[in-house]
Amino acid sequence: MKKLLYILSALVCLSLTFTSCDALFDNLEGDLSKMSGEDMAASEAGIQRLLAQVYSYIPMNAFGVEDQYTMNACDSHGGDYGFNSNPYYGMYGIQTFWNWSAIRTINQFMVIAEDAGKAGTLTENEAKAYAAEARFVRAYCYFVMVRNLGGVPIIEEPLDGYYNPADGNKELFEKATRATEQETWDWVINEFQLAANDLPETPSGFHAGKYAALGMKARAALYAASVSKYWNNRGGIEATYKAVASKKTYMDPSMANKYYKDCIDACEAIINSGKFSLYGANPASIAEAVKNLGDMFTTKQDCEFIFGRTLNDGNNTSGSAFDMENSPAQTVTTNEIVGKYSVTVNFVDKFDNYDASRGAVDGTVKTREDGKEDLYFNATLTRFPLEYKDIPYIEYDAIDEPFKNKDARFQAWVLYPDCEFRNTTIKIQGGMIKTSGEVVLWNEGEEEVGGKTYYSFGDQTGNVSGFFNYENKMSGSTYTTGFGLRKFLNPQSFQKYNKSFWYDIRYAEILLDYAEAVAESGQGSAANAKKYLNDIRKRAAFTDEVDLTVENVLHQRELELAFEGDQLYTLHRRRAFYDKYADPEVEGQKHCLTPVLDLRSGSPKYIFVRSIHFAEDPLAGGKVSDYHTLAKSYYGRISDYSVNGYEQNPADE
Amino acid sequence: MKKFLSFFLATACLLLSTMQLNAQTKSVRVNVADSYGPVVGAAVQVKGTTIGAATDMDGNATVTNVTAQSVLVISCIGYTTQEVAVGNLSNISIVLAEDAEMLEETVLVGYGTQKKESLTSAISSVRAEEVTQTKQNDVVTALQGKVPGLLIRQAGGTPGSLGADISLRGYGAPLIVIDGVVRSNGYSNRNKGINTDTEFAQLNPEDIESISVLKDASASIYGLGAANGVIMVTTKKGTTGTRKPTINYSNVFSFGRPKMPQEVGIADYLKMTNEMYDVAHRARPYTDADIKAAENGTLQNFSWWDAAMKHHSTTQTHNLSVRGGTDAMTYFISGSFNDDRSIYDSPGNYWYRRYTLRGNFTFKLADDLTMDYQTSFRGTSSADPANDDVYNEKSNMIFNYIAYSDRLTPATVKDNPNHYTYQGLSPTENVMAMMNHDLNYTDKRGRAFTNTVNFNYNPHQIKGLRLMLQGAYDFNYDGTYTKKTRYPLYDYETDKLMGYGGDENSYRENVRERERLYGRFQANYSKTWGKHNLQAMVAAEMTKMNTRNQTSKRLFGDFFTKPTVSSGLSSAQQAEGSRTSTATAGYLARVNYEYASKYLVEVMGRYDGTYIYQKGHRWGFFPSYSLGWRISEEPFIKNNAPWIGNLKLRWSDGKTGLTQGAAYAYLSGYTQGSSYVFDDGSLTPGFVNNEIANTILSWADVRMMNAGIDWNLWRDKFSGTFDIFQRMTKGIAGRSSGSTPTILGVTEPQINVDSRVNAGMELSLSHRNRIGEFNYYVTATGTISRTMNLHIESQATSKYYSSMNYYGAGFIMNGSASTQNRWSDYHGLWKYGLEGGRYTSWEEIYNSPVKLEAEAGMQNTVLGQYKLWDWNGDGFITAHDVQYAWPEANPSFQFGLNMGFNWKNWDFNMVWQGATMTSKIIWLLHTFGYGGYNNIYTMYLDRYHVAVQGADPYDPTTEWIPGYWPALMKSTDANNWRPGMYDAPSDFTQLDATYFRLKSFEIGYTLPKNITSKIGMRSARVYVGGTNWLTLTNKKIGAYDPESAAAMQSNTMPVMRTVTMGINVNF
């Protein structure tokens, strides 16, 4: 026994002594969560995984809600969506990008791709194409940076080699200098062109190809051109700001035409390639146009698709919540808050009506016999019951009557009272006037007339999509403006996990870019530009033609790219946000149209009441925001300016 | 207690008495007892010889070969030694008197034991019966108020939540060593900020023999990981020298109910709700007719509290153990069952059950070789509702939902009790459905096995040498099974389908496995010569751990079939899995030297290695020393002041390490990042490497210093311990700021740069006396500990330009704040100071020189609101005006009072515990009655309100009645959750939560011996007691509990107030 113990002890002593040689630690499985760089770059499959990371940085706001930061839409529940800007923190909703770790990863990838080409893991052409994809992504990131922040440091290589804490990172600090805004725009536009040169004409899947890069080039050039041309809008930014004086946030109006030319060139390259066309370009009827315009967002149309992404990752339990959150309450069976995307009557009024020969006439929704469509009640509508008798409201027989003759794009992309969607009649109604003249607003009410029961919300509780629970602004699940978003929603059923694709650049945008650049600069072909503009209208079943004017182009752009996040940036690049001081007479408020059932005559009639949205009306407990934009607020804040020694942007200087 | 001591000391006594036989002619039977019964293991020795025997379980010993002239010396640790002449007696009965001073026997220290009198470190020991005298399901809570230096806060009254936060001297959660093996399970974070080691907390308290708490440099013998001190537990072992086993059965029945908030009557509720809406300029929700109906009883109140909660919770614990031994082996086998039913009246959810089984065996393999085998099993089960609350604390969430629910809408549909009602809650839920196990649950099953084998070899050849070889293998399994279903909700009146509650139908299983392999070789040597006493120990040990974690989940679409993963839709599944392995090793040595029992020196060191760092940086040396001087052993005290029984000065100083950074940070590599879909329907996972390999970060150096004094005067009448301590931690991982431009695009590696100091004191005072048959004792303990950040590299250049910067810790404005050189525990919270006075008229509000809000001015201010202090004098109350406050976390200053007595067969004890330097936040708008929920507590009756219900609050002529709380105010816009400064934290909502609480008390009665022996029992005790019966605290805390962890909404389930009763019998 003792012997055994001696032996055991000796063994243990020995084994423990052995551990000092770290064998105990070295024999562990190690870190199972990491792959070495060599392992990643040794095969094309590994390189593709690195490329996936690169693509994931693209600041493409698919299924974003940027339009809710404009007058065209709002969060049904108010949310924190003021219209304009906070003078201290730049503009609401404007996307920003300040991710140097992403830029480092992209730059590293370009090196890895090049090395893999040399090592033979990839062919030289493959290596070039991979690098061009990364270049495209990098330029995209910079586009978002310069649009919000002005000039930024241009970093084209991984900087790890310059990291040297011993000398205070001197070299790194030298590189950390903001380029001027103009240099940055020039660089971005050129980078997109360089990427286009190396990218394939026909990319596979959702990879970026040559025309994606050219499309981005057009977009960036139009942005730079607009900022230049409208630099002095409303007085511009005082040159006393450091960032302006050093041209970090400055564009010279004289440069505008050069950028418009860049835009025209890029658009022409895309248009002349012959690879793209408008989907459903020649509809035979309004109904066909409505169908085409709807289908386009259900099924990816390659003729229209230039660049974008998909949320269909093959996993049934992931995707964005866009469809669920914004679907009309009647079509959803979930306990989440839905019906969040309300469309304002400000926007609805902008969609033209068709005349008998499918020409365009003013589409402002007619609610009153006296045509005073610019009068709005405050959001609580407390004055309505007292005053409605004195107002010459138009009495409609059907609740959908005022909307049935509107632009096909409205019918395809906006949910309006009594429209059909997902085999359901979408009920959006805000109140009723009973036979006695009693007014029920935002509350449940019903009355039986002639054996039929009428409801204040259009139907029984649970079967409505508008105004119900209006008072409970936080948890209401119905539209609060009279209209909801339809574009992007699955036409069959609500999707808990939205798996759709997203057009980031579609052909219509290129046509509109071209038309705008030509209209603004006089360069390029005016005839073609006019044709492209009217092609867009023609697709929406209009048969008449409009002239090539900047106003007409912007009108079509606002309608055509509705809810795609474009309008916010159009206003931004054209420095066109409302300024309370410059335009004191303009009321920057979002408006609702509340359909009210009127039973006074004994038969159901509908009147439509214009009012201010509660989120914008302090009398209704809305946000008391400072509704103005200063010119300097077009630039966002650079978060870490002091560490890097950057000039801070004007609004935060 | 005596009984227990006898068991505990039996072995010790035996070892002390040397047994040899000489040729004599007579044998004497000695029965040794104390005032309670037989004393086991007492040594009976013939004076002047080495002849002797030890008493058995009945207190009997037979000494052979004595003569009539012999004098027997009867001794046992803990008792005064007695002598008796044999004469012609052959049966001698001795009653031993307790020697309180001698109770201080040996104490567990790291890798061994030591006589308490020669301790030089700050080590507190707790005996088993001190733990079990507070009847709590988890050991941590049972220790509250008993150990100086342990800061413990009970987080709430949820069954099985093990939500007691433990921190040693404010350092953090200590390392747990059970039966010689580090068995810390990692500290779970089940409640926000709550640290509970499940392995320790779930020990069967009846299995514990003793607990030692190493609070200073003495902990450093455990190396890296022991920087927060060590709690060492040993479990009970068998006893030798007994003829037959002792069978012990004990139980605890506990009936609890927390101190529940009182809600106002339904008529008051309607009126106050209207009042709230009046002040908010909103239409009143209830008409006069509603109020009249409520007053005359036609409008019925539905009490969600009554529906969702039982009258009381019930907990029962049963414990059975068998203990005994023969010459060849000793054994202790115990089993326990603990069943905790919560206060919630839930069908199937909310319970916790625990089974434990333990076997400790010692085999005498040879004369000089013994083997211990210790094994344990623990099985736990629990069920909770499956809702992913942010704090993962379901009970609290239910607690909130009960308050949310509409008092006018009962839980189930009027004529259909099977249909749950729609409450209009967001998210849509119904409390009773949420609690229903049929609809959803998170079931947990835990299994834990431990196995320890220990060989002890005392070679005859070298006296004083002991060799030990220990090995352990532990295995833990934890399964979490979550079922979620969507359930329909109906209108109360019409039974019409209104919507759905719950989550989409799914089933999820998470499995965690963990195994630990441990080995140690150890050699102890002790030698005494002259006045010198030397003890030495060397050891080498290693630990290896493997963990595996796997989760799988499937959705079920709209039809839930069976709760297995395979029953779900294969098209909607998720799976995750991970694996880690770790290893540590160490060599350690300790030498104790004692001269004349008065000069004491201890030196020790550990060479410790860990897998975390790269080769060449894995090993560190952590030395420490301590000194002691027993002044009471000096002749000038001994001869002049014999009333000084013990007086000792101690000093210790030592180093250990605190692991910094993540494991393998020295390897740079690609990890899964964001993915992208290049082809419709197929995801390409992205890989990214955003780090620079960190080859320089190492552990932080921790230096612990402790000065202490122990005294015992007038034979226990006044004894105590006082310690003053400091822990300096240098080289905490930190990042520099401003030294690298951000365009580098990578976070700089952390370096060992920050430093922090913890300092404090602890005191323990004790008085123990006997008056006739009345024995009593009082022990008071107190601990205060503070933390200061000495250096924070990332904040080194930060400037204090507002009060927020100056005091703020967790709230950083404008990117700059510094907590450097601040007592960090003192600005755990921020609040506004009070200017003095409050707004008592509208005029005063409108003309206020200080605007409460920069933008909205005073538009959200109501009568009775307190005036806030404009710290920077800019005329506005902003974030730049905030002040500091004590946090709601585990308080830095805690105290306890433990007292009791026994008289004849009666015994009584009680434990008080309290804390100060702590706050309780009452967020008015998250609170009932202030716009948050559908409920109002009676505490808010004491408010500013109009004298005549319904009067216009904005009419300046309206008469108001003042109260502590401001006028009730409904938030005007649900979006604007907090209208202005209405519930801004200030001195009136962030209340001083100092409390002193009767944690437990117990009255016991031991049945007289003559009765118990008739029914075949050795002893029997019945007791009745309770926990949390009395709390002295700030009255304004009202409905809330000063101790419980505060969830953001201050709605934690308060700690239970229980009645406990049970019996403890020995056969």
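How many helices and strands does the secondary structure of chain B come to? Hi everyone, let me start there, with the reminder that this is a predicted model. For chain B, the tally is 13 helices and 55 strands. The chain has 1067 residues, and 59% of them count as buried. If you look at contacts in chain B with a separation of 6 or more, 70% of them come from residues 24 or more positions apart.

Now let's move over to chain A and a pair of helices there. Helix α4 of chain A covers residues 44-56, helix α5 of chain A covers residues 100-119, and the two pack with their axes 10 Å apart at an angle of about 155°. Because that angle is over 145 degrees, α4(A) is roughly antiparallel to α5(A). Their crossing is left-handed.

So who makes the contact? From α4(A) we have Ile47(A), Leu50(A), Leu51(A), Gln53(A) and Val54(A), and from α5(A) there are Thr105(A), Ile106(A), Phe109(A), Ile112(A) and Ala116(A). By type, that contact of α4(A) with α5(A) has eight nonpolar residues, two polar and no charged.

One last stop, on helix α5 of chain A, where we find Val111(A). Is Val111(A) buried, partly exposed or exposed? Its relative accessibility is 36%, so Val111(A) counts as partly exposed. Along the chain, Val111(A) and Pro158(A) are 47 residues apart, and their C-alpha atoms are separated by 8.4 Å.

Definitions and conventions:
Residues numbered from 1 in each chain as written. Chains lettered and ligands numbered in written order. Predicted model: local features only at pLDDT ≥ 70, side-chain atom pairs only at ≥ 80, totals over all residues. Heavy atoms only, no water. Axes fitted to C-alpha atoms, helices over the stretch in contact; angles between N-to-C directions. Helix = DSSP H or I, 4+ residues; strand = E, 2+ residues; numbered from the N terminus. Parallel < 35°, antiparallel > 145°, perpendicular 65-115°, else oblique. Left-handed = near helix turned anticlockwise from the far one by under 90°. Contact = heavy atoms within 4.5 Å. Nonpolar A, V, L, I, M, F, W, Y, C, P; charged D, E, K, R; others polar. Buried < 20%, exposed > 50% of the residue type's maximum accessible area, 1.4 Å probe, protein only.
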